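Here is a friendly walk through one protein model, written to be read with the structure open beside you. Please take a look at it first.

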Amino acid sequence: MNLNEYLEIRKIYESANSLIYRGIRASDGQSTILKIFNPDNLLRSEISRYKGEYDIIRSLKCEGVIKAYGWEKYQNTWVLLLEDFGGESLKICLQKRQFSLEEFCRIAIAVADSLGEIHSANIIHKDINPSNIIYNEATGEVKIIDFGISTVLSRETTTITNPDLLEGTLAYISPEQTGRMNRAIDYRTDFYSLGVTFYEMLTHQLPFTATDALELVHCHIAKQPVPPCQILPEIPQVVSDIVMKLMAKTAEERYQSALGLKLDLEACLQQLQNSGTILNFPLARLDHSDKFQIPQKLYGRENEVEQLLQSFESLGMGSPVMTIVAGYSGVGKSALVNEVQKPILQARGYFIAGKFDQLKRNIPYFSLIQSFQELIRQLLTESQAKLENWKAKILSVVGNNGQVIIDVLPELQLIIGDQPPLTKLDPAEAQNRFNLVFQNFVGLFAKQEHPLVIFWTISSGRIRRRSNCWNNL
């Protein structure tokens with residue numbers, strides 16, 4: 001590719017991963033957006049992801065999605081060539097002015113219509129927010145952009161990770177997209193993010209504001225936002241109810257189709273144009289999903305969930321608790337245990353898991369090592385300042401015996417660095433040293449301000465023998 005083919009090139013946006021330019025193609029005068037990826041951050045996996053974005057956009061044949069003109073090599077990086085229809089992101093528009101109620105309804109209807117076509121193609125966008133919705137005020141055109149983390153799947157399972165590393169924009173992310181809801185992601189995750197976007201368009205503020213990423217995740221999962229009509233009384237009750245329905249914590253309580261949402265918004269716009277006001281009416285009357293969805297809620301396990309929650313709450317009193325969940329394979333033991341994710345998040349705790357694998361019985365402490373390897377990986381995603389803080393804390397409890405932990409958890413060396421060699425002891429004393437150092441190490445994470453939950457899966461015949469390991473901890 002030769003950038004000389006484009007005239008009047010000017011930069012309109014810059015991020016760590018890409019530079020966005022607007023230019024005019026000299027051959028035909030076509031205005032084009034050039035998304036040039038940063039070569040310093042361009043790993044092979046990311047090239048594949050960006051190429052996937054191009055393929056997804058090319059596969060979508062709808063007016064409400066930005067068109068892709070090409071994917072070309074440029075020097076030591078790649079360029080994605082996109083349609084330029086002269087619009088600006090809603091984020092920029094919101095910085096300039098407040099949308100009228102009629103304009104909001106028109107934009108919301110257009111976005112709902114486009115989202116319906118995206119979902120019909122079995123694509124989950126996963127990053128709906130004002131920055132990724134482009135609006136041309138002069139023509140009224142609205143288009144959705146940025147399919148960089150989109151997936152062509154009907155359902156996707158997420159895992160627990162550092163909030164700063166979650167896919168999507170944290171202020172708009174759905175509860176299930178955080179990986180801490182014991183729920184898989186499907187197309188309805190986009191409805192939650194759209195609800196947050198509508199909330200901001202109407203009120204000029206986000207439903208949740210927090211400086212700490214983990215606190216923001218907890219807000220999405222557990223806290224109810226103030227309804228928009230209570231922030232601005234001029235917002236009609238039914239419009240506020242539509243936004244709140246989109247932002248329901250569980251996917252089953254949201255709209256089940258973009259068409260159902262669009263019809264309700266059209267009813268609002270029609271009332272506004274006919275009478276100048278929007279009166280209340282029942283929502284989601286014609287909201288029917290064309291996808292077969294099995295509810296992910298646990299049924300008939302209320303007592304068991306309550307017992308687990310009580311066990312977790314008792315940790316705050318300073319005593320360790322051991323709970324055994326028995327049952328045949330496939331009956332939902334893991335799904336039950338994962339229900340404690342919400343209170344763990346609220347308490348800023350850690351949840352790690354391991355498995356007593358009978359094929360690896362020859363490896364000492366295998367399940368214990370597996371669990372804490374997961375914890376170390378969680379720590380390694382923290383900022384450098386937090387890592388330095390953890391390094392100081394760990395060194396304070398292990399002293400000159402840090403190599404004891406590194407011998408079983410080599411990943412820890414990435415945090416605390418090289419450690420002095422260990423003094424040679426006879427087997428009994430070496431075992432006692434290991435028990436003491438590891439106990440202090442575990443105790444560092446099992447605090448009242450951040451409790452530690454370890455989930456081990458184990459066959460029923462091995463529970464009695466393995467419970468001794470818990471007692472040693």
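## An exposed loop residue

P320 has a relative accessibility of 68%, so it counts as exposed (exposed means over 50% relative accessible area, buried under 20% and partly exposed in between, with a 1.4 Å probe and protein chains only). This proline sits in the loop between α9 (302–315) and α10 (333–337); helices are DSSP runs of H or I with at least four residues, strands are runs of E with at least two, and both are numbered from the N terminus. The C-alpha atoms of P320 and K342 lie 19 Å apart, with the two residues separated by 22 residues along the chain.

A word on the background: this is a predicted model, in which local features need pLDDT of at least 70 and side-chain atom pairs count only at pLDDT 80 or more, while totals for chains, interfaces and linings use all residues. Residues are numbered from 1 along each chain as its sequence is written, and side-chain values use heavy atoms, with hydrogens and water left out.

## The sheet

Five strands make an open sheet in the order β1-β2-β3-β5-β4, with antiparallel pairing (two strands pair if DSSP finds at least two bridges between them). β1 (6–14) and β4 (68–74) are at the edges with a single partner strand each, so one side of each has no neighbour in the sheet. From one strand to the next, the twist averages 25°.

Strand β5 is worth a visit: six of its seven residues are buried, so it is largely enclosed by the rest of the structure. β4 and β5 form a hairpin with two residues between them, and Q75 in the turn has a positive phi of about 50°. The pairings of β5 are these:

| Partner of β5 | Sense | Bridges | A bridge pair |
|---|---|---|---|
| β4 | antiparallel | six | E72 with V79 |
| β3 (residues 31–37) | antiparallel | five | L34 with L81 |

L81 is also the bridge partner of G70.

## Two packed helices

How do α7 (residues 237–246) and α8 (residues 258–275) pack? Their axes are 11 Å apart, at an angle of about 165° (axes are lines fitted to C-alpha atoms, for helices over the stretch in contact, and angles run from 0 to 180 degrees between N-to-C directions). That makes α7 roughly antiparallel to α8, a term for angles over 145 degrees.

In the contact (heavy atoms within 4.5 Å), V238, V239, I242 and L246 of α7 meet L261, D264, L265 and C268 of α8.

Terms used. Parallel < 35°, antiparallel > 145°, perpendicular 65-115°, else oblique.
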